[in-house]
Amino acid sequence: MRPYHIKLLMSGFLSILFYLGMTYLSKEFNWGEGYADRPIVEYLLLYGGLFVLYSLSVYWTLKTSEDTRSIWMIFILGLVFRVILIPSHQIQEDDIYRYLWDGKTFGSQINPYKYSPDQVTFFKQFMIKEPSKFRSTYDESSIRELQRLATLKWENERSLIFMERINHPALPTIYPPMAQYVFRLIYQAQPDSIIAMRLGFLAFDVMAALFVFITLAALGKKKTLVIIYFWSPLIIKETFNSTHLDIIGIAFLTGAICFLVKTRFLAAHFFLALSVLGKLYPAVLFPFLLREQWLRSGKKISGLATSTFLFMGTIVLCYLPFLDIGAKVFSSLKSFSTYWQSNDSIFALLVWFYRDVAGIAPKGPVGLSYDEPSLWAKGTVALILVGSWFYLLTRKETDSSESEHPAMNCLRHLFIIMAMIFLLSPVQNPWYLAWVVPFLCFFPGRSWLLLTGLVGLYYMEFYFDYQDMQEYVAWIPWFEYLPFYLLLGWEWWRRTTLMMSLKKTRLEVKQAP
């Protein structure tokens, strides 16, 4: 057994102990109970320990050649980590209750975008107190649907408890169609089951890991770099404890990347469409896939037309069952875009600049923003994103080195865009960063790997809130993001200096007699 194997086993077994500790600790996080006594700091110590072990494992992997035994160890231990967390209680997260309700609603042949949980809860009260307004609001078909949903809510104790735990109950669901199909499938397999949802997510998670693994092989990179994804504490915690749905879209995005590298462009566009149907913002990557197809398939317009039709058609087809209510499908998305702001870095600084430096009065809501400074901030980040998107899309293709796969330039651009979306977003929840993690298997930058650990400090906001120490909340993003930005800047400076040095050396060689 090689020294690398021994190190990997030691790191894996220690990680197992930490995940067992996390599962045990999660029992102290009971919904609606004992907020001030929740062991959030202890959880963060466990998460920090896991991140240290993960970082060491990634470092050893980067320095060691691959072999079959290492690959099996990475996959088996990674699966063990996940299995340990599947029965755990959610730590500070409750989105899962919305997923279960959406699956129940859609599984009962009712449009999940049509009614909010509050409409279901209070419709009888509304009917009794304001009968005329009630009749003008709902037709007979809607009344029957609300009655059916109310029956489902009260069909058993677990259903009632889970429905009452849904956050933002005044809003209908925001989650796109692919998520709804997955929720429905899991509901039909096992209603009101958090474990069933996590097992369903496990299928997508393994699919993502396999696509990353195949892509690494196709790029000629070490396949053991899949450890960056499969051992990531961020991916494991946010998928199998917090139970966030992002893994659905991530799995299809890794599939799109895999097929792109293998020049199977129709499959790449189909999988990207499915990723968009899991969460909307990967749609910005579509033109990059078209550009890569144009450059690598003989510049055939017919191929681009077919891919565009497939991409658009898949999205429209999956939305069709929900469009009987028209634009209301996107009503909660509008509310999210207008009012949500959480754990942000650059966006928060822009809001501060426009409010406190430029002196723009915080009046609102206005447009898709809760006030004018945030509207200016959104306009600024939109300009940065659109400018960067347009620059990368129209940038002249640089010659890849002989050892680099032709698709690497395109993958680099996809990585940059997804990374910028996260960094400039008003909402930088930890699970949003999970979309960047698969790209780190191809571009393992230290700064981004560090951020997957530091972003866990997001949960300190709950601790300070429960302890009546809100004055410290504003400092959390500084500890999350400042080390990352400093390291990112250093990496950029180092890479730029190296490239300039190489260019100078090449020029001197050319000029030499």
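Predicted model: local features only at pLDDT ≥ 70, side-chain atom pairs only at ≥ 80, totals over all residues.

Trainee: How are two packed helices described, and at what angle do α3 and α10 cross?

Mentor: Two packed helices are described by the angle between their axes and the distance between the axes. Helices are DSSP runs (H or I, at least four residues), numbered from the N terminus. Axes are lines fitted to C-alpha atoms over the stretch in contact, and angles run from 0 to 180 degrees between N-to-C directions. Here, α3 (residues 68–85) and α10 (residues 194–219) have axes that come within 12 Å and cross at roughly 160°. That makes α3 roughly antiparallel to α10 (angles over 145 degrees count as such, and those under 35 degrees as roughly parallel).

Trainee: Which residues of α3 and α10 meet?

Mentor: Contact means heavy atoms within 4.5 Å. From α3, Ile71, Phe75, Leu79, Arg82 and Leu85 take part, and they meet residues of α10 including Arg198, Leu202 and Phe213. By class, the contact of α3 with α10 has nine nonpolar, no polar and three charged residues (Ala, Val, Leu, Ile, Met, Phe, Trp, Tyr, Cys and Pro count as nonpolar, Asp, Glu, Lys and Arg as charged, and the others, Gly among them, as polar).

Trainee: How does α10 pack with α13?

Mentor: The axes of α10 and α13 (residues 246–261) lie 8 Å apart, at an angle of about 20°. The two helices, α10 and α13, are therefore roughly parallel to each other. The contact of α10 with α13 divides into 17 nonpolar, three polar and one charged residues.

Trainee: Why is α23 described as largely enclosed?

Mentor: Buried means under 20% relative accessible area, with a 1.4 Å probe and protein chains only. Seven of the nine residues of α23 (residues 446–454) are buried, so this helix is largely enclosed by the rest of the structure. Among them are Trp448, Leu449 and Gly453.

Trainee: How many disulfides does a search of the whole structure find?

Mentor: A disulfide is a covalent bond between the sulfur atoms of two cysteines. With a cut-off of sulfur atoms within 2.5 Å, the search finds zero disulfides. The sulfur of cysteine 441 is 13 Å from the closest cysteine sulfur, in cysteine 258, too far for a bond. Cysteine 441 counts as buried, at 0% relative accessibility.

Note on methods:
Residues numbered from 1 in each chain as written. Heavy atoms only, no water. Buried < 20%, exposed > 50% of the residue type's maximum accessible area, 1.4 Å probe, protein only. Parallel < 35°, antiparallel > 145°, perpendicular 65-115°, else oblique.
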